[in-house]
Structures are given as C-alpha cells and as structure tokens.
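I opened the model to work through its chains one at a time. These are my notes, in the order I took them.

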Amino acid sequence: MSQYNWKILAVVLVAATLFRFWGTFDYNGFIGDEQLIVPSALSLMKYGTTMEWKFPQMNSLIIAGSISLFGNNPVGWRISGAVLGIASVLLVYLIARILFPESPAPVLAASLLAFDPFHIHFCRTAMIETPVVFFFLLFLYLMLEYCERGRPTLVWAGVAMGLTIATKAYFVFAIPVVIAYAVYRRLKRRQENIGSLVIDNAVTLTLLPMAIYLLSYILWFGRGYSLQEFFQFRSDAYWVFDTNYSFAHDQILSQGGKPWEWFVKPISFGHHLFNDGVRDRFTIEINNPLFRLMVLPSLAVVLVHALKNRHINDLLPPLLFAASYLLFFVVNRPFNSYSALALLPFAYLTLAHGVTIVGDRYRCTKEAAALFLGCVFITGTYLFPIAAGFLVPAKLYQPVLSITKLTRVF
Amino acid sequence: MPAKRRALLTAIVIFFCSVILFSYFYGPTRRTFASRTTVLSVQSTEQVLQAWETSGLKGRVAICFTRYLNALETKESQAAKATELAMNHGIIRKVYHVPPDSAWGEIQGSLSRRNDMRQTPGGFIGIFDDGRVYITPLSRFTPAPEPALILVEPKIWSRDELLRIAELLSSGRLAADLVIMVRGSDRDAELFRRALGLQ
C-alpha cells in the first residue's frame, strides 16, 4: 500500500473514532432500543435470560460484559457499539484491499462507512446491528485471507461465523455465498483436492459455529434447561417471529420506510430535542441519500464490468448485498430501517468499486476518487452534528430538515 | 491427510462433542430441589411468589391446579404475576396449568381466539419469557417426569377432583417437594399432607 493510502486511512480511522466517541456518553438516559437492550443485558447478568428472548444472546453478553467493566452507565451501555463500529470501518478497508488491490476502492469504501451519518447514529447507541455486522465482516475478511492469500485463518473464520449467528440472523443467506466463493477460489488458485477442501470447510464451518452458538446460551442453560428444551426454545422463537411478531412503534416503522425503499429514496426522520432561539438539537436518522441512491446504479456498473471481464472477485460485494437484502423480503415480519446497517458495508464496497470502474473507463481514476472522497468527507462532516445530537444553527440544516419528518419532544 | 490438519479437525470435533455433552448435562445439574417435602397454606396469591422465592428452589417445573394464569384473561393479576416473575427469576422454567374440566370449554374458547397460543391434542401451549406454559384440563393431564412445585387452589375443585389430584401424589405418579395451597381449608391441607405421607 502506498504511503498516500496509509495517510488517508489514518485520517478516516481518526474521523471514524471521533464521530463515534465524541459526546456519545454524555446523555444519561436510554436512546431508542437501549430501553430494551440494556435491561436485557442486566436481566441476563442477574437471571440468565434476556427480555428479548426471541433473539440470540450474544449482544446481551457483550453489553453485560461492558457493563461489568465500566458500570451500569452510558459508557457501559455504548462503548461496545462505538468500538465495533470503528473496527467495522477497518475491516471494510481490509476486505476491499483483498478484493480490489492497487485501487482506491478500499479507502473509498472505508470512508463511506466511516462518514455515514446512519452508521454513526447507531454506533453511538447500544444496538444488535453493530456487533452482528462486525462479526460478519470479520468472518468475511478471514475467509478472504484463507481463500485469496492461502493463510490458515479458516478456524478463526469458523469462530467469527459462530459469533455472527449467535448475535442475529441477518446473514443466513450471505454466509453460504461467502463459503461457496471461498471454496471456488481456493480450488481455482491452489489446485487443492476437492474432497479435503469440503471436509475442512464442513467441519470447521459447521461444528465450530454450532458449538459457539450453543455456548452463547451458557447462562440460559444455567436456568436449568436441558438440550431438548433448547431446541424447543429456539423453535418457539421461530414460531413467534413467523406468526405472532408485532412491532410496538408503528410510527417509527413507517417513517423508516419499507426495505425496498432504503436505497431508492431519501429517508430522514428523528427528534427535535431543543431550541433556544439560536441553536437547536436534533437526533436524526438519515439514510445519506447522496450516496445511498448511487448504490443501485453502481451495482449495475459493477455487474456489467464483472461479467464482461470475468472477474469473480468483483461479483462478491454485489452478491453479498443481494443475499443480505433477500432476508428482508422472505421473512414474514416488519423490519425497522436500522436493519439497513446490515447492508451498508456491501453497498459501499460496491459503490466504491463502481466509482473506480467509472474512473478507469475515463482514465481519471485518481481524480474521480479524490473528488468522491472529498464529497464523502464534506457530507459526512456536515451531517454528523444532527445525526449525533449536537447543538446546531437550524438555518444551516434547512435543506436536510425540509425532507425530515421531525417529532418535537420539548 | 497431513498430521497437523488431522489434529486440527480432531480438536474441532472433540470441542463440538464436549459442548454438546456440556449442554446436555449442565442445565439439569443447576436445578435445585428441597431436601424434604413441604405443604404450605397461603391466603393470598402475593404469598405464592414469596413462598417460591424463599424456598431457594431454581430451574423447576411448576404445576398449577388453578383456574387462572398469565396465559389466560386473568382475574387474579397477582397470581398471574407470581408465575411470570417466578419464570423470569429462574425459579420456574416450565409450567403446566391444569384447570378443571368444568371450565375447559370456556378456556378453550378464549384461547383458540388468541394468536399467541398453539393448539395441541392435549390443550394449548403458550410462551412466557423463555419458557413454555402447557395448558391442559385435569382429564388430559399427564404428570411431569420430575419433582414439581405444585400450586393448588382447592375452592375451584370438587371433592372428587381434589382426591384425584391427591391420588396422583400418593401414588407417586406426580412427585413434589413444595405444595402450596391457595386459600385452602385445614382439611384440604391435611388431605395433601396425607397424600405425601407427611403427618
């Protein structure tokens, strides 16, 4: 990697850290789903079960761990989200560097996630989405190291896969895509025996994740439940999701848009918290329209480029985007807009690669990347204060506020 | 197969088998049972939770021979809360709610309209927190295969039905280490003490 890229990456990581830590622990009340997530973690510590028993328990274990370390306060509730959000930015960079070496795409993809006001907004609170995205990105990175560079990371990938499924089921369709890609690439590149490759993958990516998934319920087993009751418990959770799941806040659900709308129209809503005549405080969930609306066109660009040039590695981010998105259309339950966090890394990997393909086409890759990077930095820095709840002069944000559905809470 | 790879795969298989065995045995070892059987009489449903909490028992099956429970449109909210809290606190992990057959028609009608209840040949299954509540009339009740916490509300049962419940205990088909009578008479408590061989 050139020194130039290192410097930009350092700036991106510093910005990602600043945006996810600055003022995150100032507010002493629960934000959004923290009212469920934090009591669930406390219940897990005290009674071995969570309030949100339908979901796997890994996120509650992480929050319970950070509460044990930092106390039952905003630091204990939110630090894991901030740290794993920053780590996700680094992982997006490392993944893109393997898939698109010698290109500006890694820095662009990492910057898109680091400066994304939607990602920043949710990394500053305790959420299930932040850790599950981190674990899946870690799994993907370790699988790419295994299949593209021949490194012995398969066992660690199995651990990361176990942590992913023990947190939330967002990536049930994306995980097989990664495994199929890795097996195909490994066969192509290293001429391995297919039998031993299948055995390695089957044992490591089946038994290890299942064991980790079971171990994540250790506190629940401590309540006296047997293994047979565990299977009943998980089938009951599936039954509740499939037949009897209702979302308590219909207004938030409708404001966040349906899954098909997440990448095709601007979505912005939130709370107006304070006004002193000069400055206002907002917390706004905005889907970063300037870049989100470019994802589907870039998907088309990348697909055409990949098929034309027979570049299988170009296909991976669009395939993962599609496989992760598929879940929202096949599961019979409503989804809150924050579920779009599970799609962002692949959306931005695709967009970043699309920008470099277009730049290459017109022989201005560096210029296109620099211009794009500038837009990402400026947009992200501009939107950060209203995504994070800082005091701002409302006049400065009129263009955004004019498309925002605001609920006044003062 | 190279030795290193074989060792790694073997270690993963051993790890997986250990976790399965651990999951199989760990839960049952965490259940706590009383060293001797007790029959308690309480006058209010608030005292039920108190009795369960002070007993120090954990991870247990409860059998409630009562008319109302959380899973029903309850009139006795405190009794309902006692069961729910006991499940949440880890005292109870599974509940069998056994109402009288005379009330079953009304209960069945009410539960079959609810989408959070699953109908089974024996009755209904509901879910509280992370545990199951099996709702079944006395005539279809099959005793649990482990010692249970028993809650009886004598006033809702006929004398014959009470004798039948007591007979389940005396015959050993239903094992119990804590029987709580809610608003029962001394005569009812005596019946259950005799059934359990306590004098």
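**Entry 1: domains of chain B.** I began with the distance between the two domains of chain B: the C-alpha centres of domain 1 and domain 2 lie 39 Å apart. The assignment gives residues 1–30 to domain 1 and 32–195 to domain 2. Such bounds come from an automatic or database domain assignment.

**Entry 2: ground rules.** I noted that this is a predicted model, in which local features need pLDDT of at least 70, side-chain atom pairs count only at pLDDT 80 or more, and totals for chains, interfaces and linings use all residues. Residues are numbered from 1 along each chain as its sequence is written, while chains are lettered from A and ligands numbered from 1 in the order in which they are written.

**Entry 3: chain B overall.** I looked up the elements next and found six helices and eight strands in chain B. Helices (H or I, at least four residues) and strands (E, at least two) are DSSP runs, numbered from the N terminus. Their order from the N terminus is α-β-α-β-α-β-α-β-β-β-β-α-β-α. Along the principal axes, the C-alpha atoms fill a box of roughly 75 × 45 × 30 Å. Chain B has 199 residues, and 38% of them are buried. Buried means 20 or more other C-beta atoms within 10 Å of the residue's own, exposed means 12 or fewer, and partly exposed is in between, with C-beta atoms placed from the backbone. I also checked contacts, which are pairs whose C-beta atoms, placed from the backbone, lie within 7 Å. Of the contacts in chain B between residues at least 6 apart in sequence, 76% join residues at least 24 apart.

**Entry 4: helix H5 of chain B.** H5(B) covers residues 159–170, twelve in number. From first C-alpha to last, H5(B) reaches 16 Å, close to the 16 Å expected at 1.5 Å a residue. The expected span is 1.5 Å times one less than the number of residues. Which residues of H5(B) are buried? I listed Leu162(B), Ile165(B), Ala166(B) and Leu169(B). They cover an arc of only 95 degrees around the axis, so they sit on the same side of H5(B). The arc is that of the directions from the helix axis to the C-beta atoms. An α-helix has 3.6 residues a turn, so residues three or four places apart point the same way. On the face turned away from the buried side I found the exposed residues Asp160(B) and Glu167(B). The cover over the buried residues of H5(B) includes strands S2 (60–65), S7 (148–152) and S8 (176–182) and helix H6 (186–195) of chain B. After H5(B) comes Gly172(B), with a positive phi near 85 degrees.

**Entry 5: Glu53(B).** Glu53(B) is in helix H2 (residues 46–55) of chain B. I have it as partly exposed, with 14 other C-beta atoms within 10 Å. Glu53(B) and Val182(B) are 129 residues apart in sequence and 16 Å apart in space, C-alpha to C-alpha.

**Entry 6: where the chains touch.** I counted 28 residues of chain B in contact with 29 residues of chain A. Helix H1 (residues 3–29) of chain B gives the most to the chain B side, with twelve residues. That side divides into twelve nonpolar, seven polar and nine charged residues. Here Ala, Val, Leu, Ile, Met, Phe, Trp, Tyr, Cys and Pro count as nonpolar, Asp, Glu, Lys and Arg as charged, and the others, Gly among them, as polar.

**Entry 7: chain A overall.** Chain A has 19 helices and four strands. Its radius of gyration is 21 Å, close to the 22 Å that the globule rule gives for 410 residues, so chain A is as compact as a globular protein of that length. The radius is taken over C-alpha atoms, and the rule is 2.2 Å times the number of residues to the power 0.38. The C-alpha trace spans about 70 × 65 × 40 Å along its principal axes. In chain A, 50% of the 410 residues count as buried.

**Entry 8: two loops of chain A.** Glu102(A) is not a glycine, yet has a positive phi of about 55 degrees. Glu102(A) lies in the loop between helices H4 (74–99) and H5 (105–114) of chain A, and is exposed, with 9 other C-beta atoms within 10 Å. Arg310(A), also not a glycine, has a positive phi of about 55 degrees. I placed Arg310(A) in the loop between helices H15 (295–309) and H16 (312–330) of chain A. Arg310(A) counts as exposed, with 8 C-beta neighbours inside 10 Å.

Terms used
Two residues are in contact if their C-beta atoms, placed from the backbone, lie within 7 Å.
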